[in-house]
Amino acid sequence: MTTAEPPNGVWHRNVKTRQSDEITGHVEDHKISQQEDLRRWQKHAQVVKVNVLKQVQDQLSDLLDKALTDSIQPFAQLQPAVNGKPSKRPPSSSQRMDDGKVFTDRPSLLDELFEINHIRTIYHMFIAILLIFFLSTLAVDYFDQGRLVLEFDLLFFAFGKLGTVTWAWSVMFVYTLLVPYFTLVFWGSLYHSFRSKLGLSLGSGLVLSAVQTCVLGMFPVYVAVHYELPPASRFIVILEQIRFLMKSYSFMRETAPVIMKNTPKEGESPRIPTFSSYLYFLFCPTLIYKESYPRNSHIRWKYVFTTLGMIFGCLFYGYFILVRLCVPVFRPKTNQPFSKRTMVLAVFHAILPGTMLLLLCFFAFLHCWLNLFGELLRFADRMFYKDWWNSTSFANYYRTWNVVVHDWLYYYGYRDFLLLSKRRFRTAAMLSVFIVSALVHEYALGMGFGFFYPVMFCLFACFGVVFNFTMNDKRQSPVFNVIMWMCLFLGQGVQVCLYCQEWYAQIHCPQTGNSFWELVTPRSWSCNYQS
């Protein structure tokens, strides 16, 4: 029995059809696979791009700082000629410490990061939260009062009596502009020709210190207390007082040694800094005096107006945080005695607004405010802060959070302490800087709020010192970055909670006597609110 076979032509056509279908399927699968691989590579390349940009920025910043420092050191390392040839010795740690701050042309870190779309999206998210706060306030006012109300009463109260603030600031500015400068001119013109140089220096220093104590020490305190300035106006006066003191000290500290070392020739006057350089220094965003700074070629007016708008936006942001997240929680409504439970709950309620206020103060002052003056004055060195948010140690956090103040504390506190002690007692030098910084922070907060409650001092001088030595630069694991942020969150929650409670206690439980212990004892510990 035979089976029927298809003709040869039909069989060949079927084979060719199956082969073409298989080839087409393979081609389509290959195209799909290529497209998927391409999408995966694009995502991977984007991630690599962000990581590379960050690493390159950090490494370039460190390399440029090191290169600039190394380029300056050879001039200080040249020793007197030996047999007609200049000798050179490697720099020691003491020589590096003697070098002053080097200013270079560099932008702020956030300005560079905002060029990356992913980072700029985070900025857009905070703007969206501000708009949500705005709409929330409108909705609450509409349901509570039946109309749309945006009175900003808390903002107007906090910045009240600006006329008093203006004339008080003018007095401090004119004094800082004229008295320290012309005192230096008088002292410098007589120093090299005066018989008793020590007597002249001591006399001039004591007179200037006495006048400084009266004008920049007691006068701002008198204005804040006597005229009963509201909180924000108090902070303006007190912070400007501290700034003028630090600026005038830096001017004297940087110029007096130069005048003492450089003896003028006969018929020549000593080299005194120009008045215009000192005037520029009083406004430029640094606390370290130099006769000249790197300058930009022009002012970017679009950047100025954008930064000014961000400053006003931060003011309203702070207002909404206080009104929506702090006042409803801490305003007393019933008779609630002080207890551990209420304290713990209040601290955790305050962590969110405290953290937002921390980030807001950083962005508003260290980025926007300082960059605004830097742009208007064409000041090119914009490294007012570093990447403190990546810190894995509190030692690094303290160095990178506020570079402007850190530089002043390092050069005139830590470094001078070591120079006077012949570079011994480094731990004592570090502790002294911590104590001075904690005292100044507590003084600013105490005068700004109008009551004594050393929360900042305890957190800074006690826990800050412990964390500085325990979480040091040897801690490089990302786990320590998480620990640092947790400590910051809890610290901000404690501060906002305790200061808000004390603020309302000062209002509802007024002072009954003038004894010392009543002045320094927090009133929130014993105040019972009546509904």
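Leaving aside neighbours within four places in sequence, which residues is R243 in contact with? In this predicted model, local features need pLDDT of at least 70 and side-chain atom pairs count only at pLDDT 80 or more, whereas totals for chains, interfaces and linings use all residues. Residues are numbered from 1 along each chain as its sequence is written, and side-chain values use heavy atoms, with hydrogens and water left out.

With those sequence neighbours set aside, R243 is in contact with W169, L282 and L287, contact meaning heavy atoms within 4.5 Å. R243 is placed in helix 8 (residues 231-261). Helices (H or I, at least four residues) and strands (E, at least two) are DSSP runs, numbered from the N terminus. Between R243 and L287 there are 44 residues of separation in sequence and 8.0 Å in space, C-alpha to C-alpha. The charged end of R243 also sits over the ring of F244, 4.8 Å from its centre. A charge sits over a ring if NZ of Lys or CZ of Arg is within 6 Å of the ring centre and within 35 degrees of the ring normal. A second case is R300, whose charged end sits over the ring of Y303, 4.4 Å from its centre.

The chain has 17 helices and two strands. Of its 531 residues, 38% are buried; buried means under 20% relative accessible area, exposed over 50%, and partly exposed in between (1.4 Å probe, protein chains only). Among contacts between residues at least 6 apart in sequence, 77% join residues at least 24 apart. S437, found in helix 14 (residues 426-449), counts as buried because its relative accessibility is 8%. Not counting residues up to four places away in sequence, S437 touches L409 and F460.

The structure holds 50 aromatic pairs. Rings of Phe, Tyr and Trp (its six-membered ring) pair if their centres lie within 6.5 Å; planes under 30 degrees apart count as stacked, over 60 as edge-to-face and the rest as tilted. F103 and Y293 form an edge-to-face pair, 5.0 Å centre to centre with 85 degrees between the planes. F103 lies in the loop between helix 2 (93-98) and helix 3 (109-113), and Y293 in the loop between helix 9 (275-283) and helix 10 (301-330), so this pair ties together parts that are 190 residues apart in sequence. F103 is buried, with a relative accessible area of 14%, and Y293 is buried at 9%. Y181 and Y278 form a stacked pair, 6.0 Å centre to centre with 15 degrees between the planes. This pair links distant parts of the chain, with Y181 in helix 6 (residues 162-191) and Y278 in helix 9, 97 residues apart. Both Y181 and Y278 are buried. Elsewhere, ring pairs link a cluster whose members include F362, Y385, W388 and W401.

Rolling a probe the size of a water molecule over the atoms shows where empty space is left. On a 1 Å grid over the protein atoms alone, a cavity is a set of points where a 1.4 Å probe fits but cannot get out, and lining residues have an atom within 4 Å of a point. Grid points are joined across faces, edges and corners, and a volume is the space filled by probe spheres set on the points. One cavity of 30 Å³ or more is counted, and the largest cavity has a volume of about 80 Å³. Its lining comprises 13 residues, of which K101, F103, P285, T286 and V404 lie nearest the centre.

Definitions and conventions. On a 1 Å grid over the protein atoms alone, a cavity is a set of points where a 1.4 Å probe fits but cannot get out, and a pocket is an open set with protein on both sides within 12 Å along at least five of seven lines; lining residues have an atom within 4 Å of a point.
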